[in-house]
Amino acid sequence: MPQKLSAFIVPYWKSLLLMLWLNMIATVLLALQPMIGKFIVDRVFIQRAYPFSLALAWGIGCILLMYVFFLATKYYHLRVHLHMAANIRGALYERLLSTTLCAFSKKRAGDAISRLNEDAGEAQRMYTDWILQTVIVSLNVVLEVGFLLYLDWSMALCCFLLLPVLLVGLQKFRHLLYMENLQLRKLSAGNQSFLFDTLSSLRFIQAGSLEMWCAEKYRNELQTINRQHMKLTFFSGCAQGIPQLVILLSTIGTVSVLGGKVLAGETTLGALLAFSA
């Protein structure tokens, strides 16, 4: 059995390259949708340079083509992944069969089965999918940024200025949520410890007539945990609202600025709709 995982992946380099090209084509078709909408609005609805039926047929054809590429990519990705995973698991199983008896016992059988069924496939996915995802995400970012700059570079730069606000806000709330969640865990652990201690010492509690005191303390701890739950939920809602707030501000700014340019004749309605998409 080869010692490196790359020995099982290199023979599939042609399949992986084809899968990468299919993903790239599907990503380009998806990124072109706003531009297709811009063309239909400007050239078909407003300028009437092309018949609506022809533009509609082209639009439906592009959507169907994108759908076919996505299905083909998904099917081909699954097929290649299953073939590679089968080869890796088969080689690992063959290696286990040749293992010396002194190094293999019944206690290790469950761990070996877990490695065979889960870890082998997961390692293969991590080794291959991260390259594919990196290329596709990078291509998508380049296309989206390029289209925004093409439609209105000044408005695109203004929208990009909101990204630091988004990143800083999410980072601040991430630390705050971590601390609040840690506090909730501490309170819950203390409450569980109190329950264990009191229920393990019933004779002492009853002898000292401490039932009412323990019950009151338990209720107070539950109230504290509930308040911490509410606090954590509030901060979590605020953290989720930051991206929505940034999107709302960018949308308002886009509609206000580009809407004024549309009324002034400096840009087209299709550009406004494509930029907002």
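Helix H8 (residues 211–264) and helix H9 pack at an angle of about 165 degrees, and their axes lie 9 Å apart. This is a predicted model.

**The H8–H9 pair**

Two packed helices are described by the angle between their axes and the distance between the axes. Are H8 and H9 roughly parallel or roughly antiparallel to each other? Angles over 145 degrees count as roughly antiparallel. H8 and H9 are therefore roughly antiparallel. H8 passes H9 in a right-handed crossing.

Which residues meet here? H8 brings Thr 254, Val 255, Leu 258, Gly 259 and Val 262. H9 brings Leu 269, Leu 272, Phe 275 and Ser 276. Sorted by type, the residues of this contact are six nonpolar, three polar and no charged.

**The cores**

In soluble globular proteins, nonpolar side chains tend to be buried together. In this chain, the largest nonpolar core has 10 residues. Among them are Met 35, Leu 151, Met 155, Ala 156 and Cys 159. Leu 258, Ala 271, Leu 272, Ala 274 and Phe 275 also belong to this core. Helix H5 (109–160) supplies at least two of the core's residues, and so does helix H9 (269–276). There is also a second, separate core of nine residues. Met 19, Leu 20, Tyr 76 and Val 80 are included in that second core.

**Two residues and their contacts**

Now take two single residues.

| Residue | In contact with |
|---|---|
| Leu 151 | Met 35, Lys 38, Ala 271, Ala 274 and Phe 275 |
| Thr 73 | Met 19, Leu 22 and Asn 23 |

Leu 151 is one of the residues of the largest nonpolar core. Its partners Met 35, Ala 271, Ala 274 and Phe 275 are in that core too.

Thr 73 is found in helix H4 (residues 52–97). Is Thr 73 buried or exposed? Its relative accessible area is 6%. Buried means under 20%, so Thr 73 is buried. One of its contacts, Met 19, is included in the second core.

**The whole chain**

How many helices and strands does the chain have? The chain has nine helices and zero strands. Read along the sequence, the pattern is α-α-α-α-α-α-α-α-α. The chain has 277 residues, and 26% of them count as buried.

Contacts can also be sorted by separation along the sequence. Take the contacts with a separation of 6 or more: residues 24 or more positions apart account for 78% of them.

Conventions:
Residues are numbered from 1 along each chain as its sequence is written. This is a predicted model: local features need pLDDT of at least 70, side-chain atom pairs count only at pLDDT 80 or more; totals for chains, interfaces and linings use all residues. Side-chain values use heavy atoms; hydrogens and water are left out. A nonpolar core is a set of buried Ala, Val, Leu, Ile, Met, Phe, Trp, Tyr and Cys residues joined through side-chain atoms within 4.5 Å. Buried means under 20% relative accessible area, exposed over 50%, partly exposed in between (1.4 Å probe, protein chains only). Helices (H or I, at least four residues) and strands (E, at least two) are DSSP runs, numbered from the N terminus. Contact means heavy atoms within 4.5 Å. Axes are lines fitted to C-alpha atoms, for helices over the stretch in contact, and angles run from 0 to 180 degrees between N-to-C directions. Angles under 35 degrees count as roughly parallel, over 145 as roughly antiparallel, 65 to 115 as roughly perpendicular and the rest as oblique. A crossing is left-handed if the near helix is turned anticlockwise from the far one by less than a right angle, and right-handed if clockwise. Ala, Val, Leu, Ile, Met, Phe, Trp, Tyr, Cys and Pro count as nonpolar, Asp, Glu, Lys and Arg as charged, and the others, Gly among them, as polar. Lists of a residue's contacts leave out its neighbours within four places in sequence.
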